[in-house]
Amino acid sequence: MSEEKSLHFIEEIIEGDLAAGKHQSIITRFPPEPNGYLHIGHSKSICLNFGLAKKYGGTTNLRFDDTNPVTEDTEYVDSIKEDIKWLGFEWSNEFYASDYFDSLLEFAVQLIQKGLAYVDDSSSEEIAQLKGTPTESGKDSPFRNRTVEENMALFMAMKEGKYKDGEKVLRAKIDMTSSNMLMRDPIIYRIKHAHHHRTGNKWCIYPMYDFAHGQSDSIEKITHSICTLEFIPHRELYNWFIEKLEIYPSHQYEFARLNMTYTVMSKRKLLQLVNEGHVTSWDDPRMPTISGFRRKGYTPNSIRNFCDKIGVAKRENLIDLSLLEFCLREDLNTTAKRVMAVLDPIKLIITNYPANTSEILQSENGPDETMGNRDLHFSNELWIEREDFMEEAAKKWFRLAPGAMVRLKSAYIVRCDSFEKDAAGKISAVYCTYFPESKSGSDNSGLSVKGTIHWVSVAHAATAEVRLYDRLFRVENPSSEEGDFKDYINPHSLEIIPNAYIEQSLLSADLNDRFQFIRKGYFCLDKDSTKDRLIFNRTATLKDAWVKEVKKG
RNA sequence: UGGGUUAUGGUGUAACGGUAGCACUACAGAUUUUGAUUCUGUCUGUCUAGGUUCGAAUCCUGGUAACCCAACCA
């Protein structure tokens, strides 16, 4: 009895191709432009391309689409490689479109010789003018009928640097009346006297995306070139070049990109968030970048599972952030080490426990017994969470209140006898008696309580900064709202707690560790931490049935 | 009075002419030394109007809606 998981449309295409003997094995590629940081949407593409190759015994190339020297930089190359590796994938080859500049030039020459490309002296405004609109067809350029010899000479002169930026372009000679705007004699080479991050100053002409991507696929013998829906109109051109150049016929397939609630995904918008200071950096834990999720404490496993669950199809989608959070909690629940930390403290004083003494208690590190135990210091003065005490108990309140009993996690049951307020009327301390015979693990008190709360011994607590992150936007789909998307930024997306009390075991926390602060959420150490000042990021909250109870009234 | 793509619960995704399924969310309950986890259950769906067929989410025809295409960006 094996449960068959149905195939998505790209898997069906691949299985069909394999079954028909069209390919012996497949080759895919992940083709980022090194001009920015990868975001969660890219991880869908990464998981798809690498996942397909893995599933069908093929290989995947990492290819940087670096045909525009003015926007690209090695800084981005490095971060992209780091992010892919972190997600857990290995590429077979690391290629660059710029590796193929010589071949691409040769392809352009072939097109000219076949009378399928020409040099146009028009300005970009003139070219745009003659291009027409989606509803009106375009008109031929006055330079469209130059001879092969003239085009050859002109193109070589472009290459030699005889012209300034914008003076001339090389265009494919296709059809100015096509209903597909991309077929109206697309520009394939432009002049840019710019330094390229890999080829330096060798070139002053650079191929456009459409004259580089498909050919690069072909050179690498990519069998299935997978991209997002907005490239559908490019497919006709992609195939045209392959046909006219008579090169290896890679095929392009398109799927719907990932959109997610409470965030934005476009590079332009993410850039604005960084540049205008709404977040601190590209790897700010509120950013939907892979580096942002990493810094926030997400695991590669959770992101891969997420990408697996969202599926691959061709319709526009807006995935619930709660699905990503589910995948995260599913992973962290089994792996995160349980610890105690008090974020908003009030003091609990045990009046019948001897002062100036302490004992060491054992607490389990996690639900799995193999995770072992750790030591906890217990004494007569403890920090507990302010929200775990109520002056007048609400109905269904299981926590501390005058006369009520709770268990201190991994320690004793206590009963609240009284409390104290400061001048401002805020609770400053609660006084309890404890039941020595209720000690965790050897409880023979006969008492039973409904609530268990976390705590840290005042005399033994360490302190740390804790950063509580919430969703970056107040609305599900900021991009579809009226006005500017930035008007919908959540003003409370970050709350900083300068001095939380943490148990001592956290002093040896490592950047790779994942913790559950019991009852408070999942946390990890932030890279801003120093030896003297630890900083923890909240990765996610725990589900909280009590807040629902409160909302019900 | 252009072309292209897509329409299945609140969200995402299956069903390939034959029982509308799965996951997330929401809600209710059980268990719980985390109001977590786990377990059980409940609600909600085939864009629309016709047609073909014993039988239609699926095929046909006509509507409707959303998204994409007019960078020397990718």
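Colleague: Let's begin with the RNA: of the atoms of RNA strand B within 4 Å of the protein, what percentage belongs to sugar or phosphate?

Modeller: First, a word on the basis: this is a predicted model, where local features need pLDDT of at least 70, side-chain atom pairs count only at pLDDT 80 or more, and totals for chains, interfaces and linings use all residues. Residues are numbered from 1 along each chain as its sequence is written, chains are lettered from A and ligands numbered from 1 in the order in which they are written, and side-chain values use heavy atoms, with hydrogens and water left out. Bases do take a part of those RNA atoms, and the share for sugar or phosphate is 62%.

Colleague: Which residues come nearest to RNA strand B?

Modeller: There are 62 residues around RNA strand B, each with a heavy atom within 4 Å of it. They divide into 21 nonpolar, 20 polar and 21 charged (nonpolar is Ala, Val, Leu, Ile, Met, Phe, Trp, Tyr, Cys and Pro; charged is Asp, Glu, Lys and Arg; polar is the others, Gly among them). The ones that come nearest are Glu12, Arg338, Arg399, Ser440 and Gln516.

Colleague: Is H13 largely in the open or buried?

Modeller: H13 covers 545-552 and gives two or more residues to the surface near RNA strand B (helices, H or I, at least four residues, and strands, E, at least two, are DSSP runs numbered from the N terminus). At its start, a side-chain oxygen of aspartate 544 comes within 2.8 Å of the backbone nitrogen of tryptophan 546. Buried means under 20% relative accessible area, exposed over 50%, partly exposed in between, with a 1.4 Å probe and protein chains only. Zero of the eight H13 residues are buried, so H13 lies largely in the open.

Colleague: And what is the relative accessibility of leucine 62?

Modeller: Leucine 62 sits in strand S2, residues 59-64. Beyond residues up to four places away in sequence, leucine 62 touches Phe30, Pro32, Lys81, Ile84, Trp91, Asn93, Glu94 and Phe95, where contact means heavy atoms within 4.5 Å. Leucine 62 counts as buried because its relative accessibility is 0%.

Colleague: Which residue's backbone oxygen does the side chain of glutamine 252 reach at 3.0 Å?

Modeller: Glutamine 252 is in strand S9, residues 251-255, and is buried, with a relative accessible area of 4%. Its side chain also makes a polar contact of 3.0 Å with the side chain of glutamate 254. The backbone oxygen in question belongs to phenylalanine 231.

Technical notes: Polar contact = N/O pair within 3.5 Å; in protein donor to acceptor, adjacent residues only side chain to side chain.
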